[in-house]
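Student: I have a structure to get through today. Please take me through it step by step.

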Amino acid sequence: MFSFVPELKNKIKRIPFAFSLLPSALFILTTAILFLAAPAIAQRVQLSPANPRLGDTISVVIQDASKQEAKPTVTMNNTTYPMFPIGASTYRAFLPTTPLERAGVRKIQVQVDGQVENLSVNVGDRTFPVQRIRIVSSSSGGLEPTQHELDRVAAFRQLVTPEKYWNGPFIPPSRARRSTGYGVRRYYNGVFAKDYYHRGLDFAGAQGSPVVAPAPGKVALVGKLAEGFRLHGNIIGIDHGQGVTSVFLHLSRINVQEGDLVQSGQVIGAVGSTGAATGPHLHWGLYVNGKSIDPAPWLAQTME
Ligand SMILES: [Zn+2]
């Protein structure tokens, strides 16, 4: 009996000590769980390119996502982008970057099968060429867009449809020399236009020379000068699927109708100077989830 009491005392003393260890134990346990869970997702997520620059399209691919759960999503800088299945239990999202953004680290959050993984990617800086434009007040009179054309073009750019129409790299929509590159910034009468960048590639094609589809897709916009497309001129919009869209401006002729399915290399129209164009040329804009991105990587490789 006598020996029991000191033993009990000793135990009572130990309890607060054990409680003081509890937070550290929980911390170690939580860390261990995170450590075990995190690589599981991280190993299944691939970001490419490894070193993107402003204007690049960042591809996020998740493998071994379960089919039963809700579709995985990817969030970058508070914007959530849709993921689409590109194979058995493999999903992909395209994240656009533009010359209007600042270079630096982007936090990317991947939600898959009820788990969340935080990743980051550094978007490198890039110097875009600069144009200095002088505007004489009398010259801007006829170039005001109509609300109708702005609404139609904006609605077209927001298209995110599930079917992926393209396979393989895109091809240039014109054989002509490229006159103005993607991302060119401008000064108007010496003032930097902070919201402007050249949202596409210009091709110095002759009046009437062919314009071809750069990749398969569905014609989702046909707009004509006569219907109020004063700024864009005669325009075609192709939906390549899964948030990837193309626009072709200033056309002299349109060979397709809304709803047509077109193949890569198929003639869709001809170069012109309708709308706000100082001379015949083709403007091709490639958009990812509503943002104009650099078409160069899409021409150079297959974007899955
Ligand atoms: Zn252009």
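Tutor: Start with a term: helices (H or I, at least four residues) and strands (E, at least two) are DSSP runs, numbered from the N terminus. Residue numbers start from 1 along each chain, following the sequence as written. This is a predicted model, in which local features need pLDDT of at least 70 and side-chain atom pairs count only at pLDDT 80 or more, while totals for chains, interfaces and linings use all residues.

Student: How many helices and strands does the protein chain have?

Tutor: The protein chain has three helices and 21 strands.

Student: What does the pLDDT average over the chain?

Tutor: The average is 87, and 83% of the residues score at least 70. pLDDT is the predictor's confidence in each residue, from 0 to 100. Over residues 1–19 the pLDDT is below 50, and that stretch has zero contacts in the model beyond near neighbours in sequence. Residues 32–38 also have a pLDDT below 50, with two contacts beyond near neighbours in sequence. Two residues are in contact if their C-beta atoms, placed from the backbone, lie within 7 Å.

Student: Now loops. Where does Asn 289 lie?

Tutor: Asn 289 is in the loop between strand S20 (282–288) and strand S21 (291–292). Its phi is positive, about 50 degrees, although Asn 289 is not a glycine.

Student: Is Asn 289 buried or exposed?

Tutor: Asn 289 counts as buried because it has 21 C-beta neighbours inside 10 Å. The rule is that a residue is buried if 20 or more other C-beta atoms lie within 10 Å of its own, exposed if 12 or fewer, and partly exposed in between, with C-beta atoms placed from the backbone. Buried residues make up 34% of the 304 residues in the protein chain.

Student: And Ser 89, buried or exposed?

Tutor: Ser 89 has 12 other C-beta atoms within 10 Å, so Ser 89 is exposed. Ser 89 sits in the loop between strand S5 (84–87) and strand S6 (90–96). Phi of Ser 89 is near 55 degrees, which is positive in a residue other than glycine.

Student: Sheets next. In what order do S13, S17 and S19 come in their open sheet?

Tutor: The three strands run in the order S13-S19-S17, and the pairing is antiparallel. Strand S13 (210–212) and strand S17 (253–254) each have a single partner strand, so one side of each is left without a neighbour in the sheet. Two strands pair if DSSP finds at least two bridges between them.

Student: How many bridges join S13 and S19?

Tutor: S13 and strand S19 (residues 267–270) pair over three bridges. In one of them, Pro 210 is partnered by Ala 270 in S19.

Student: What do S3 and S4 form?

Tutor: S3 and S4 form a hairpin with two residues between them, and Asn 77 in the turn has a positive phi of about 45 degrees. Strand S3 (residues 73–76) and strand S4 (residues 79–82) are antiparallel, with four bridges. Val 74 has Tyr 81 in S4 as its bridge partner.

Student: Over to helix H2. Which of its residues are buried?

Tutor: In H2 (residues 147–157), the buried residues are Glu 149, Arg 152 and Val 153. They cover an arc of only 95 degrees around the axis, which means they are on the same side of H2. The arc is that of the directions from the helix axis to the C-beta atoms. The face turned away from the buried side carries the exposed residues Gln 147, Asp 151, Ala 154 and Ala 155.

Student: What covers the buried residues of H2?

Tutor: The cover includes strand S14 (217–223). Lys 218 is found in S14, and it counts as partly exposed because it has 18 C-beta neighbours inside 10 Å. Not counting residues up to four places away in sequence, Lys 218 touches Tyr 165, Asp 239 and Leu 261.

Student: Last topic, the largest nonpolar core. Which members touch the most others?

Tutor: Of its 50 residues, those are Val 60, Val 74, Leu 95, Val 211, Ile 235, Ile 236 and Phe 248. Domain 2 (45–123) and domain 3 (130–300) both give residues to this core, so it lies between them. A nonpolar core is a set of buried Ala, Val, Leu, Ile, Met, Phe, Trp, Tyr and Cys residues joined through C-beta atoms within 7 Å. The domain bounds come from an automatic or database domain assignment.
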